[in-house]
Amino acid sequence: MQIHESAENYLEAILALGEKGPVRSIDVAQYLNFSKPSVSRAMSLLRENGYVVMDQDGFLVLTDLGRGVAERIYERHRLLTKWLVRLGVDPEVAAADACKIEHDLSDESFQALKNHIHGAE
């Protein structure tokens, strides 16, 4: 199933925020700097498509499907950011650029880049 970049961003945000504790829609809105109605609509679509569930307390929980997508994108984001910073790019610029690249890079190119980066360490 093809998932859109915006959905990947939401799932990645839930994963990243979840490292610090339970996540609500308002947390995602603040993290991504989106409006609450936009996030609410996106969460509804992600729930309908089996990527996220909401528990009885209103916390967002990634399903196995959602976690898989989120972990793939988050790994890309962290690796690309780290690589760009090592090349001398300002960390904020590196993170913003990584966010743009992470969605469009093929699996083959990402794996080659990952192997190259880890081989250079």
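How many residues does the largest nonpolar core have, and which of them have the most contacts inside it?

Tutor: The model is predicted, so local features are taken only at pLDDT of at least 70 and side-chain atom pairs only at pLDDT 80 or more, while totals for chains, interfaces and linings use all residues. Residues are numbered from 1 along each chain as its sequence is written, and side-chain values use heavy atoms, with hydrogens and water left out. The protein chain averages a pLDDT (the predictor's confidence in each residue, from 0 to 100) of 93, and 97% of the residues score at least 70. Mean confidence is lowest in helix α6 (residues 107-120), at 89, and highest in β2, at 97. Helices (H or I, at least four residues) and strands (E, at least two) are DSSP runs numbered from the N terminus.

The largest nonpolar core has 23 residues, and Leu11, Val28, Met43, Leu46 and Val52 have the most contacts inside it. Two or more residues come from each of α1, α2 (25-32), α3, β2 (60-62) and α4 (64-86). Helix α1 gives the most, with eight residues. Such a core is a set of buried Ala, Val, Leu, Ile, Met, Phe, Trp, Tyr and Cys residues joined through side-chain atoms within 4.5 Å. Buried means under 20% relative accessible area, exposed over 50%, and partly exposed in between (1.4 Å probe, protein chains only).

Leu11 touches Ile3, Leu46, Tyr51, Val52, Leu62, Gly66, Val69 and Ala70, not counting residues up to four places away in sequence. Apart from this core lies another, of six residues, including Leu79, Phe110, Leu113 and Ile117.

Next, the helix packing. Two packed helices are described by the angle between their axes and the distance between the axes. Here axes are lines fitted to C-alpha atoms, for helices over the stretch in contact, and angles run from 0 to 180 degrees between N-to-C directions. Helix α1 (residues 5-18) packs on helix α3 (residues 36-48) at about 95°, with the axes 11 Å apart. That makes α1 roughly perpendicular to α3; the term covers 65 to 115 degrees, with under 35 counted as roughly parallel, over 145 as roughly antiparallel and the rest as oblique. In contact (heavy atoms within 4.5 Å) are Ala7, Tyr10, Leu11 and Ile14 of α1 with Ser38, Val39, Ala42, Met43 and Leu46 of α3. These residues divide into eight nonpolar, one polar and no charged. Ala, Val, Leu, Ile, Met, Phe, Trp, Tyr, Cys and Pro count as nonpolar, Asp, Glu, Lys and Arg as charged, and the others, Gly among them, as polar.

The axes of α1 and α2 come within 10 Å and cross at roughly 105°. That makes α1 roughly perpendicular to α2. From α1, Asn9, Tyr10, Ala13, Ile14, Ala16 and Leu17 take part, and from α2, Asp27, Val28, Tyr31 and Leu32. By class this contact has eight nonpolar, one polar and one charged residues.

Tyr51, which is touched by Leu11, lies in the loop between α3 and β1 (52-54) and is buried, with a relative accessible area of 4%. Thr81 is in helix α4 and is buried at 16%; leaving aside neighbours within four places in sequence, Thr81 is in contact with Ala94, Ala95 and Ala98. Asn33, in the loop between α2 and α3, is exposed at 70%. Asn33 has a positive phi of about 60° although it is not a glycine.
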